[in-house]
Amino acid sequence: MPLTVWSGHTEQIPQIPAGARLTARLRAAAGCRVRDAGSTVVQAARDLHLSWPTVMDAFREAAGEVTRAPLPEVVVLGIDETRRGRPRWEQNPETGKWQLTRDRWHTGFVDALGSGGLLGQVEGRTVADVLAWLSTTPLTWRKNIRHVAIDMSAAYRAAIRTGLPDAIVVVDHFHVVQLANKMLSLVRRRTTAEIRGRRGRATDPEWKARRRLLRNREDLTDEQFAKMWNPLLDEGKVGLRT
């Protein structure tokens with residue numbers, strides 16, 4: 001009786017490779033749900049009836065498509081800080097001194113004029129941290145940057161002067177308004193203390209108007225403006241413009 005040898009064969013298609021337990025489309029959908037839709041890995045795994053490791057692997061693959069892609073051309077670079085979690089300190093066994101091993105502050109780099117997307121993020125907010133990220137970018141890419149928007153940080157400004165010497169440093173609108181509002185509140189409290197000899201009280205006109213004083217004139221109706229402004233003028237020096 002002749003001997004017949006059977007060679008194993010598994011049918012496969014591009015969407016379902018041999019040995020796969022789920023389609024490539026489902027795996028890609030799981031990764032994009034975390035990468036693009038802001039879903040957590042646990043959420044995506046629960047919604048798609050997949051395991052946490054499977055979704056995490058899919059997310060790493062999907063994220064790699066972004067991190068490996070070349071940086072888009074940027075004309076205005078935005079640099080700002082973000083606080084993430086708590087700092088971590090560890091004691092050096094040799095010196096006995098405590099050292100910061102995990103900084104809660106991160107520095108983000110965004111395309112401020114184009115898509116506004118995140119270009120990169122590094123731990124820390126020092127001059128060295130900013131320069132370390134800039135050193136990973138191509139020289140031609142850095143030379144294309146014309147302006148850098150920051151939040152009045154001296155460290156960021158120093159880093160830009162070194163790493164992007166041809167770029168113009170500008171302060172974003174939000175932080176300019178924020179600084180002006182802080183100064184207005186400081187002057188209001190100081191003037192109240194000088195005139196009244198005490199801290200402001202809820203019955204004081206300048207205390208009642210403290211919120212409206214920080215709003216744009218165009219955001220106030222004529223009635224709201226008059227209701228705020230006239231009582232301040234009646235108070236004398238507290239409401240006078242100098």
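Student: In the salt bridge of Arg-196 with Asp-204, how far apart are the closest N and O atoms?
Tutor: The model is a predicted one. Its Arg-196 is partly exposed because the relative accessible area is 25%, and this residue bonds to Asp-204 through a salt bridge. Between the closest N and O atoms of the two residues the distance is 3.8 Å.

Student: Is Asp-204 buried or exposed?
Tutor: A residue is buried when its relative accessible area is under 20%. Asp-204 has a relative accessibility of 3%, so the residue counts as buried.

Student: How many salt bridges does the structure hold?
Tutor: Asp-222 is exposed, since its relative accessibility is 58%, whereas Arg-217 is partly exposed, at 37%. Another part of the picture is the network in which shared partners join Arg-35, Asp-36 and Glu-65, and the number of salt bridges in the structure is 8.

Student: Over the ring of which residue does the charged end of Arg-125 sit?
Tutor: The charged end of Arg-125 is placed over a ring, at 4.1 Å from the ring centre. The ring is that of Trp-105.

Student: How many aromatic pairs are counted?
Tutor: Ring centres must lie within 6.5 Å for a pair to count. By this rule the number of aromatic pairs is 3.

Student: Is the pair of Trp-133 and Trp-141 stacked or edge-to-face?
Tutor: The ring centres of Trp-133 and Trp-141 are 5.9 Å apart. Both Trp-133 and Trp-141 are buried, and together with Phe-109 they form one aromatic cluster. Planes over 60 degrees apart count as edge-to-face. The planes of this pair stand at 75°, so the pair is edge-to-face.

Student: What is the arrangement of the rings of Phe-225 and Trp-229?
Tutor: Phe-225 and Trp-229 are 4 residues apart in helix α9 (residues 222-234), so about one helical turn separates them. The centres of their rings are 5.8 Å apart. Because the planes are at 15°, the pair is stacked.

Student: What span should the 24 residues of helix α7 have?
Tutor: Helix α7 covers residues 173-196. The end C-alpha atoms are 34 Å apart, which agrees with the expectation at 1.5 Å a residue. The helix should therefore span 34 Å.

Student: Against which elements do the buried residues of α7 pack?
Tutor: His-175, Ser-185, Arg-188, Thr-191 and Thr-192 are buried in α7. After the helix comes Gly-197, with a positive phi near 70°. The buried residues of α7 pack against β1 (76-83), β7 (168-171) and α8 (205-208).

Student: Near what value is the phi of His-49?
Tutor: Most residues other than glycine have a negative phi. His-49 lies in the loop between α2 (41-48) and α3 (52-67), and is exposed because its relative accessible area is 73%. Its phi is positive although the residue is other than glycine, and the value is near 60°.

Student: Which loop holds Met-152?
Tutor: Met-152 is not a glycine, yet has a positive phi of about 65°. The residue is partly exposed, since its relative accessible area is 40%. Its loop is the one between β6 (147-150) and α6 (154-163).

Student: In the chain, where is confidence highest?
Tutor: The average pLDDT of the chain is 84, and 89% of the residues score at least 70. Confidence is lowest in strand β3 (residues 98-102), where the mean is 76. Confidence is highest, at 95, in helix α4 (residues 127-134).

Notes:
Residues numbered from 1 in each chain as written. Predicted model: local features only at pLDDT ≥ 70, side-chain atom pairs only at ≥ 80, totals over all residues. Heavy atoms only, no water. Phe/Tyr/Trp six-rings, centres within 6.5 Å; stacked < 30°, edge-to-face > 60°. Buried < 20%, exposed > 50% of the residue type's maximum accessible area, 1.4 Å probe, protein only. Helix = DSSP H or I, 4+ residues; strand = E, 2+ residues; numbered from the N terminus. Lys NZ or Arg CZ within 6 Å of the ring centre and 35° of its normal. Expected span 1.5 Å × (residues − 1). Contact = heavy atoms within 4.5 Å. pLDDT = per-residue confidence, 0-100. Salt bridge = Lys/Arg side-chain N within 4 Å of Asp/Glu carboxyl O.
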